[in-house]
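Dear colleague,

I am passing on the structure below for you to look at alongside these notes. The notes follow it directly and concern its aromatic side chains.

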Amino acid sequence: MKDVQPLIFNIQKFSTHDGDGIRTTVFFKGCPLHCRWCHNPESQRFAPEMVVYADRCTACGACAAVCPAGACRIEGGKLFMDREKCTACGACADVCVQNARELSGKRVPVSTLVRELCKDRIFYEQSGGGVTLSGGEVMAQPGFSYVEDLCRRLHREGISVYIDTSGAGPYEAFHKILPYTDVFLYDIKVLDPEPFRRWIGADGGEVFTNLERLSKDGAVIDIRIPVIGGVNDTDLFFDSVIRFLRDRNIRVRRVCLLPYHDYGKTKYQNLGRTFENFTVPDAVRLQSFQAQLVQAGFADTVIGG
C-alpha cells in the first residue's frame, strides 16, 4: 500500500523568516488548531480549497460552463459561487484565463519534493540555511509516514531540516523525526486553558506536554511567540512564559517575538471567510518584552523570525 502523498499549498523559496540562513519553506495543508489571528487561512483545512480573486474576474462564464457541481453561475453580469457545492476539483481554475481562480492544496510525491528542495542546495550551504516544514501543522498530518520519509531523505542529502510547529500532534510523530530535525521552531501563543480554548479553539495540554518531552529528549528548540494585541501583549503573560519554561526545564536556544500583522486579510476574502482583526503591539512594548526575557536569562531573544 502506497503512502498518502503530502497535501502542499505552497513552497516558498529564499525565505529568511523561518529559521537560520536562506531556507525553502514547505507549507503543509491542514491544522487541528483554529487561531483566530491566523494569517494563512488557506492552511487550516485538510483538503484542497478554491481561492477566488474577485478583482481579476471578468465574469466571462468559462468557470460556470465547466463546473460539474454547478457551484458557479453568472447573474446580472456578475459571478456568484456557492462554496457549499464546490468540490475543489480545479476545473474552473484550469479554464480561467484571468487567473482569478486557484486551487489551494495539491498532492505532491515525496520524491518530487526532495528533488525540488535539493535545487537550492548551494544557497543553503552558503548561508547556513536549509528546509523548513511548516503549515498548517506538519506534525498533525494524516498518514505521518510521508513526513518522516521526507525528513529522512533531506537529512540523508545533508540538508538542514527545521520544523515550524504549534506543538499539536501525537508525540510519536515528534519522536520519529527527532533524529532528522536540526531545530524545532515551537510556538507559545497562550498558556492557560481557558484563553487557549477561547483564542485557539482547542485544549492546549498536548502542546505543552510535547514541548516538555521534546526538551527532555534533547531537541534543539527555538520558542516563537506571536505577540497579539489584546491577547498576550502583557508583562503578566511574559512572566508566565518565563515561569513555565523554568519550571519545566525547557532547554531553549532562542526566543523569537513575532509581532502580529494583518497581511492575511485578503486571503480570508478570497476564501469567502470573515476576517477578525487584532492590533499590532508597538515597538516600545516589543522591546520591553524582549528586555524582560533577556533579564530572565534568555539572552538570545530577538524581535522577528
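**Aromatic contacts**

One aromatic cluster is formed by Trp-37, Trp-199, Tyr-260 and Phe-278. Please bear in mind that this is a predicted model, in which local features need pLDDT of at least 70 and side-chain atom pairs count only at pLDDT 80 or more, while totals for chains, interfaces and linings use all residues. Residues are numbered from 1 along each chain as its sequence is written, and side-chain values use heavy atoms, with hydrogens and water left out.

Across the whole structure, the search finds 13 aromatic pairs (rings of Phe, Tyr and Trp, the last by its six-membered ring, with centres within 6.5 Å; planes under 30 degrees apart are stacked, over 60 edge-to-face, the rest tilted). Among them, Trp-37 and Phe-278 have ring centres 6.0 Å apart and planes at 85 degrees, so this pair is edge-to-face. Trp-37 lies in the loop between β2 (23–28) and β3 (49–52), and Phe-278 in the loop between α10 (265–270) and α11 (283–295), so the pair ties together parts 241 residues apart in sequence (helices, H or I, of at least four residues and strands, E, of at least two are DSSP runs, numbered from the N terminus). Both Trp-37 and Phe-278 are buried, that is, under 20% relative accessible area with a 1.4 Å probe and protein chains only.

With ring centres 4.3 Å apart and planes at 20 degrees, Phe-238 and Phe-289 are a stacked pair, which links helix α9 (residues 235–247) to helix α11 across 51 residues.

With kind regards

Technical notes:
Buried means under 20% relative accessible area, exposed over 50%, partly exposed in between (1.4 Å probe, protein chains only).
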